[in-house]
Amino acid sequence: MFDIELEITKHLQDLASFSATDPETEGVTRLPFTREAEKAAAYLKQYMEEAGLQVRIDGTGAVIGRLEGERKETILTGSHYDSVTRGGKYDGTAGIVCGVTAVKLLRERGCRPEYSIEVIATNDEEGFRFSRGFLTSTAMCGGYTAGDLMHITEVGTGKPLAEIMKEQGFLPEMVEAEKGTAGRYKSFIEVHVEQGPVLESEGMSLGIVTGIAGIHRYFFQVTGVANHAGSTPMDHRVDALYIASRIVQYIYEETSSWQGVVATVGHMELTPNAMNVIPGEAKFTLDMRSADEQKMLKLYDKIRKFAEEAAGQAGAGLTITPGTRADAVFMDQKLQMSLEHVIQEEGFAYRYVESGAGHDSQVFAGFVPTAMLFVPSIGGISHNKKEYTESSDLARAARVLAGVLARETGEEKAK
């Protein structure tokens, strides 16, 4: 039997090297449809082939490895291979590597599964580079047209995703072909690092996810008047940054009084961004998360009204553009029970948890029975170069995943 921990550690380290920044000193930067992503996809294709899978790359750039079973009906597992800027080595890729490792464990038994199994490395889950995320999972579930991809744009440049895909050798029309493909799967099971402190703080090796909080994202643009910093009196200014700052302060102060909702302004751009010029334009993002959709919508309505009033009083322009939206979902109870059964058989410490972070499972859950298995994030740190998960916990997750795949595919009955 191969060394599971060494297997996982090696491939996570290898994948981290496909980064626009030094993974050790700055963290992993692997944005979708970049040279780094292309190299990572090629690596994953070879890795899956060496594990005995038949591999294809779909129209969204996802890498999919298939183990043929007795039936065409298929169980899907995996996660995403894109990252945020200066992120960690485990977010997304841990789920892919655990998926391939689980299939290798099954193949070592020498049994052909009743159902086929596919391991997927999805593309552009993070929604960091473009105005919307969950590219692969949304294409497979709700579907995109080539026209839709013209309206998804690169943050900062406004360049359409469709044009960027063409530059990387992908035809936007190919994305349309993925529509509805999620319906052919029997279930989807995703392994992921927790990205929070709960499991580690309680000494748990694994977490069974009960549900995922909803995500609503918005792009704000405040348009003032760029003018001379020295000769423009304070009462004659239409300072876009000042107005944006008032809105941001309101967001944080107001959200603090709403239980169960979090809001983050994580990105801001100024124009012309010069020391001696009053900012004429300020752009910033708003990321809202909650398990209560109605509460989140009500809070956003208050934020929108305040922003409109603040801009109007100052004589500035304001536009708000919706970005990624994923509703809160619950995980499939039967799959949760299957995870719990295998975990108890293995004797691992676990608990049920909720996810405040968004995942591809959030999209798949609306179309196919879906479950998630969390492993601890040391210090609760994620989206950061210091992100770390013990290889021993990842090995436990791979063993549990293999056990669940065996139960779901009927291998257990054949033993």
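**Exercise 1.** Is glutamine 195 buried, partly exposed or exposed?

*Solution.* The model is predicted; local features require pLDDT of at least 70, side-chain atom pairs count only at pLDDT 80 or more, and totals for chains, interfaces and linings use all residues. Residues are numbered from 1 along each chain as its sequence is written, and side-chain values use heavy atoms, with hydrogens and water left out.

Step 1. The classes are set by relative accessible area: buried is under 20%, exposed is over 50%, and partly exposed lies in between (1.4 Å probe, protein chains only).
Step 2. Glutamine 195 has a relative accessible area of 19%, so this residue is buried.
Step 3. Its place is the loop between β5 (185–193) and α8 (198–201), where strands (E, at least two residues) and helices (H or I, at least four) are DSSP runs numbered from the N terminus.
Step 4. The backbone of glutamine 195 has a phi near 65°, a positive value in a residue other than glycine.

**Exercise 2.** Determine the class and location of arginine 86.

*Solution.*
Step 1. Arginine 86 lies in the loop between β3 (71–80) and α3 (93–108).
Step 2. Its phi is positive, about 55°, although the residue is not a glycine.
Step 3. The relative accessible area is 44%, so arginine 86 is partly exposed.

**Exercise 3.** Which peptide bond joining threonine 271 and a proline is cis, and where does the proline lie?

*Solution.*
Step 1. The cis bond joins threonine 271 and proline 272, with omega about 5°.
Step 2. Proline 272 is in the loop between β10 (268–271) and β11 (277–278).

**Exercise 4.** Describe the surroundings of glycine 260.

*Solution.*
Step 1. Glycine 260 sits in the loop between α9 (240–255) and β9 (261–264).
Step 2. Contact means heavy atoms within 4.5 Å. Leaving aside neighbours within four places in sequence, glycine 260 is in contact with Arg289, Ser290 and Ala291.
Step 3. From glycine 260 to alanine 291 the separation is 31 residues in sequence and 7.3 Å in space, C-alpha to C-alpha.

**Exercise 5.** Characterise the second largest pocket.

*Solution.*
Step 1. On a 1 Å grid over the protein atoms alone, a pocket is an open set of points with protein on both sides within 12 Å along at least five of seven lines, whereas a cavity is a set where a 1.4 Å probe fits but cannot get out; lining residues have an atom within 4 Å of a point.
Step 2. The volume, the space filled by probe spheres set on points joined across faces, edges and corners, is about 410 Å³ for the second largest pocket.
Step 3. Its lining comprises 23 residues, of which Ser131, Thr153, Val155, Phe219 and Thr321 lie nearest the centre.
Step 4. At least two lining residues come from each of α5 (146–151), β7 (214–223), β12 (281–290) and β13 (317–326).
Step 5. With Ala, Val, Leu, Ile, Met, Phe, Trp, Tyr, Cys and Pro counted as nonpolar, Asp, Glu, Lys and Arg as charged, and the others, Gly among them, as polar, the lining has seven nonpolar, 11 polar and five charged residues.

**Exercise 6.** How many cavities of 30 Å³ or more does the structure hold, and which residues line the largest?

*Solution.*
Step 1. A search of the whole structure finds one such cavity.
Step 2. About 30 Å³ of space lies in the largest cavity.
Step 3. Ala16, Val28, Arg30, Ser83, Gly88, Lys89, Asp91 and Thr93 form its lining; by class, two are nonpolar, three polar and three charged.
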